[in-house]
Amino acid sequence: MVAATLPIEAVPSEAALRADLSQAVALLRGVIGHPVPGALCGRVAKEFVALFSEAERAAASGVALYAPRVVESGEYAKEGDGSAADWLGKVSGTSSGAAKGRLAAAERAAKDPRLTKALHDGDLSSAQLAVVATTLAEVPDAAGPLLELMDQGASHKELSDAATHMRAASRSREDERLRRARVHTNRHFRWHQDDNGGIRGGFFCDEVEFARVAPRLEAEAKRRWKAAGNGGDSLEAHRLDAFIDLLSGPGGLGSGGCGGDGDGGGDDHDGGPDGGPDRGRGPRPAAPRTLIIVNAESLRRGTTEGDELCEIEGIGPVSVAAATELLSEGGFQYLVKEGFDIKTVTKSTRVIANCIDMALIVRDRVCARPGCGNSLGLERDHRQLDYGKDGPTELENLVRLCPECHRLKTDGGWRLEGRPGAWKWVAPAKPPSAQQMARVRKVAVAKAKAAFVKRDPSGPRRT
């Protein structure tokens with residue numbers, strides 16, 4: 001805080017601080033009130049957004065630092081607000097529920113010196129503070145590792161995933177049992193008509209329950225997305241189409257009639273623009289299995305510790321008890337790892353290609369691009385020598401990327417160099433804009449479809 005770095009006689013008065021803050025707000029309003037955004041070049045506009053984002057983090061840190069004092073003093077009631085959450089929601093333009101969460105995070109931050117210092121430095125957004133503060137409630141020493149992760153440039157997804165792992169590892173069997181019971185009690189599926197038309201919905205359920213349907217849904221969405229040429233509608237849009245069609249089909253999601261790629265992931269030579277318009281013209285592949293990855297030590301101990309894994313692929317960390325709960329059910333595939341070597345793949349057929357795929361899934365838990373952290377819809381990519389140039393399908397030449405980063409690499413000329421755990425995302429000499437990449441993609445899709453028509457689609461495929 002200012003008082004911690006300045007001599008007593010140099011500490012600004014309340015009036016001086018208020019004047020400085022008012023001036024900063026006035027300056028910021030002056031910038032955003034200037035009618036020039038459309039006249040700026042894209043590069044300068046991007047710099048402006050970065051500066052606005054820095055100001056937003058500083059403002060969020062200020063709210064977190066000063067709001068607890070308002071609550072403590074009860075000053076909010078003088079404006080006729082029934083609660084501190086109502087007051088903060090009114091002044092910040094958010095719901096009372098969101099304001100309540102911000103206040104709870106601020107109160108937890110005030111009790112942790114490292115988190116308080118980060119707020120004084122203006123480094124935390126309200127979303128980052130919420131993740132760290134929530135984790136502190138279960139893991140008292142979580143602030144240090146999570147703040148260090150942010151200092152290293154981790155994305156919000158990477159921060160959230162790390163926090164989820166820490167919370168899962170800290171829970172005892174009893175805590176986990178109670179947590180799942182609470183989730184089950186509060187399970188719901190809600191929908192309503194949006195004011196602007198259309199239907200909005202959301203659901204909340206246990207991770208294990210969702211694991212019974214998620215891979216099938218994701219595989220069908222990915223199959224549709226590839227059939228459309230990986231362009232046009234987003235993967236999220238195809239996921240909704242798949243959800244509606246699968247529910248309205250003869251047997252719904254549980255019928256096993258839905259196909260897709262074996263693990264719900266993609267490959268840079270499977271279907272779409274690189275392998276033909278739609279692999280679904282013939283019989284669809286077998287229904288995907290739900291993959292569960294767990295460390296051998298965790299399985300023996302019954303809980304995870306440190307960096308050990310117990311995850312449902314595409315969903316996230318679960319307790320060892322939850323994972324083993326599914327052992328007796330069909331459609332689940334267990335991968336037990338020890339160190340960096342895969343010891344067991346619980347599947348009747350164990351061809352080399354499948355073992356390579358399993359090793360790749362274990363190694364690349366999220367998109368390999370540093371700072372991305374996406375875990376849904378990951379695609380296999382030939383990193384060094386492209387498949388189209390007879391690149392080998394070997395672990396050393398493979399990597400998993402999310403669709404957006406895969407597109408940057410394929411159409412934008414970006415490269416992934418280094419090794420697992422120390423990847424470097426290298427820009428081309430002249431990075432293209434999104435519009436330029438879209439044009440490149442359009443040409444590639446047209447060429448791929450033309451090539452598909454000329455070749456015999458029933459011929460052997462390379463592996």
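Analyst: In this predicted model, mean confidence is lowest in helix H14 (residues 272–275), at a pLDDT of 37, and highest in strand S2 (residues 199–204), at 92. Over residues 347–352 the pLDDT is below 50, and this stretch has six contacts in the model beyond near neighbours in sequence. Where pLDDT is low, the predicted coordinates should not be read in detail. For the protein as a whole the mean pLDDT is 78, with 79% of the residues reaching 70 or more.

With that caution in place, the overall fold can be described. The protein has 19 helices and 12 strands, and 37% of its 463 residues count as buried. Of the contacts with a separation of 6 or more, 59% are accounted for by residues 24 or more positions apart.

The charged pairs come next. Side chains of opposite charge can pair when their charged atoms come close. The count comes to 26 salt bridges, and one of them joins the side chains of arginine 365 and glutamate 311, at 2.5 Å from N to O. This pair links distant parts of the chain, since arginine 365 is in the loop between helix H17 (352–363) and strand S9 whereas glutamate 311 is in strand S5 (residues 310–312), 54 residues apart. Arginine 365 and glutamate 311 are both buried.

Lysine 117 forms a salt bridge with aspartate 121, with the closest N and O atoms 2.9 Å apart; lysine 117 counts as exposed because its relative accessible area is 53%, a value over the 50% cut-off, while aspartate 121, at 44%, is partly exposed. Glutamate 209 and arginine 212 also form a salt bridge, their closest N and O atoms being 2.9 Å apart, and here glutamate 209 is partly exposed at 42% relative accessibility, as is arginine 212 at 28%. Salt bridges also link Glu220, Arg223, Arg224 and Asp245 in a network.

Arginine 239, found in helix H13 (residues 235–248), counts as buried because its relative accessibility is 17%, which is under the 20% cut-off. Leaving aside neighbours within four places in sequence, arginine 239 is in contact with Leu217, Glu218, Ala221 and Leu376.

Strand S9 (residues 379–382) is covered on both faces, with Glu379 and Asp381 buried on one side and Arg380 and His382 buried on the other. S9 pairs with strand S10 (residues 398–401) in the antiparallel sense over four bridges, and glutamate 379 stands opposite leucine 401 in S10.

Helix H2 (14–32) and helix H3 (42–73) each supply at least two residues of the patch, with the largest share, three residues, coming from H2. Leucine 28, which is found in H2, is partly exposed at a relative accessible area of 38%.

Notes:
Residues are numbered from 1 along each chain as its sequence is written. This is a predicted model: local features need pLDDT of at least 70, side-chain atom pairs count only at pLDDT 80 or more; totals for chains, interfaces and linings use all residues. Side-chain values use heavy atoms; hydrogens and water are left out. Buried means under 20% relative accessible area, exposed over 50%, partly exposed in between (1.4 Å probe, protein chains only). Contact means heavy atoms within 4.5 Å. Two strands pair if DSSP finds at least two bridges between them. pLDDT is the predictor's confidence in each residue, from 0 to 100. A salt bridge is a side-chain nitrogen of Lys or Arg within 4 Å of a carboxyl oxygen of Asp or Glu.
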